[in-house]
Amino acid sequence: MNCLDDEILSAYADGEARPGERVRVRAHVRGCAGCARTLDEFSAFKRALGGGGEAPPMPDDLRESLEALRPREAARRERAPLWRPMLAVALACLAGLFLCAQRPAPEELPLEPLLEAHHRFADAGALSPRFREAGR
Ligand SMILES: [Zn+2]
């Protein structure tokens, strides 16, 4: 009798064999110890991976330490990245507004009095001759 491919046995253990293959596998392993053993091994492997049977329960102490970690993790992840950059942006905006309010607009600069003062200063000889020539 022809033995079954490992592929078919593996698919059967995974529950992924087609209906026709399933009938063939069941019929064959009833009479073939070798394939029955191979199928057992595939099934055990599948269970060990957690795909076939139920997952083993999580140890209590592990679950407790995970539960203890979770709120802190969530709080750190949710709060810190949200309010800190927002606060920084708000402060930057406030600082920008404050600086803009403090500085007069260019057209509001008292140019005439400044120029008059400069010329008075230059005429008084406070500047070196070189600057006086250049300023005139
Ligand atoms: Zn066989």
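This is a predicted model: local features need pLDDT of at least 70, side-chain atom pairs count only at pLDDT 80 or more; totals for chains, interfaces and linings use all residues.

Colleague: How many helices and strands does the protein have?

Modeller: Helices (H or I, at least four residues) and strands (E, at least two) are DSSP runs, numbered from the N terminus. Here there are 6 helices and 0 strands.

Colleague: Which residues of helix α1 are buried?

Modeller: A residue is buried if 20 or more other C-beta atoms lie within 10 Å of its own, exposed if 12 or fewer, and partly exposed in between, with C-beta atoms placed from the backbone. In α1, which spans residues 6-14, the buried residues are L9, Y12 and A13. They lie on the same side of α1, because they cover an arc of only 100° around the axis, the arc being that of the directions from the helix axis to the C-beta atoms. In general, an α-helix has 3.6 residues a turn, so residues three or four places apart point the same way.

Colleague: What do the buried residues of α1 pack against?

Modeller: Two residues are in contact if their C-beta atoms, placed from the backbone, lie within 7 Å. The buried residues of α1 pack against α2 (19-31) and α3 (33-49). L9, for instance, touches L4, V25, C35, T38, L39 and F42, not counting residues up to four places away in sequence.

Colleague: At what angle do α1 and α2 pack?

Modeller: Axes are lines fitted to C-alpha atoms, for helices over the stretch in contact, and angles run from 0 to 180 degrees between N-to-C directions. For α1 and α2 the angle is about 105°, and their axes are 10 Å apart. This makes α1 roughly perpendicular to α2, since angles under 35 degrees count as roughly parallel, over 145 as roughly antiparallel, 65 to 115 as roughly perpendicular and the rest as oblique.

Colleague: Is R18 buried or exposed?

Modeller: R18 is found in the loop between α1 and α2. R18 is exposed, because it has 11 other C-beta atoms within 10 Å.

Colleague: Which residues form the largest nonpolar core?

Modeller: A nonpolar core is a set of buried Ala, Val, Leu, Ile, Met, Phe, Trp, Tyr and Cys residues joined through C-beta atoms within 7 Å. The largest one has 6 residues, namely L9, Y12, A13, V25, C35 and L39. The most come from α1, which gives 3 residues.

Conventions: Residues are numbered from 1 along each chain as its sequence is written.
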